[in-house]
Amino acid sequence: MTTIIVALTSDLAIGKDGDLLYHIPADMRRFRQLTTGHTVIMGRKTFESLPSGPLPNRRNIIVSRRNNLEIQGAEVAASLDEAIDLAGNDHIYIIGGAQIYDAAINVADRLELTEIMAERPDADTFFPVIDPEQWRTVVVTDPETDPRSGVTYRYHTLVRLA
């Protein structure tokens, strides 16, 4: 199974200046819970934005067009297709960035979305438009509010229609 996992605003914004728009501890815990023990695939820029290198307790595959790139604790693939082939039969989580999401939206089986109920006109990175004819929502949680930031969010799980 290939799952895209992303936090995005109501206007599909996912980042600014190479960073997340919001840091919501409960969402980070959910991300860790879902992805631990599985393969995560990300672009090089997303990898470089991680504070401590490869994500622990996960197989990290980095997609990069840089020849001969080597990253300790991670594998490198030249394309998303190659990364998926490397992962084999493991449950794959696509964790960004925008170019990887654009490529993965057509091959993913599931979307795990954190909808941040806000707009960020200053954002510079966006998630692709989700075609409602291709996806069925199977879970939507009640809204929650992060006590530190005051941001309201909720989780959605979507599965690809056959």
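The buried residues of helix α1 are covered by elements that include β1, β4 (39-43), β7 (92-94), β8 (110-116) and β12 (152-160). This is a predicted model.

**Helix α1**

Helix α1 spans residues 25-35. Its buried residues are Ala26, Asp27, Arg30 and Thr35. Viewed down the axis of α1, these residues fall within an arc of 155°, so they line one face of the helix. Buried here means under 20% relative accessible area. After α1 comes Gly37. The phi of Gly37 is positive, near 85°.

**The cavity**

How many cavities of 30 Å³ or more does the count give? The count comes to one. The volume of the largest cavity is about 40 Å³. Two elements, β1 (2-9) and β2 (13-16), each give two or more residues to its lining. Strand β1 supplies the largest share, three residues. The lining includes Ala7, Leu8 and Thr9, along with Ala13 and Ile14. Leu20, Leu21, Tyr22 and Ile116 also line the cavity.

What is the make-up of this lining by class? The table gives the counts for the largest cavity.

| Class of lining residue | Count in the largest cavity |
|---|---|
| Nonpolar | eight residues |
| Polar | one residue |
| Charged | no residues |

**Linking the two parts**

How values were computed:
Residues are numbered from 1 along each chain as its sequence is written. This is a predicted model: local features need pLDDT of at least 70, side-chain atom pairs count only at pLDDT 80 or more; totals for chains, interfaces and linings use all residues. Side-chain values use heavy atoms; hydrogens and water are left out. On a 1 Å grid over the protein atoms alone, a cavity is a set of points where a 1.4 Å probe fits but cannot get out, and a pocket is an open set with protein on both sides within 12 Å along at least five of seven lines; lining residues have an atom within 4 Å of a point. Grid points are joined across faces, edges and corners, and a volume is the space filled by probe spheres set on the points. Helices (H or I, at least four residues) and strands (E, at least two) are DSSP runs, numbered from the N terminus. Ala, Val, Leu, Ile, Met, Phe, Trp, Tyr, Cys and Pro count as nonpolar, Asp, Glu, Lys and Arg as charged, and the others, Gly among them, as polar. Buried means under 20% relative accessible area, exposed over 50%, partly exposed in between (1.4 Å probe, protein chains only). The arc is that of the directions from the helix axis to the C-beta atoms. Contact means heavy atoms within 4.5 Å.
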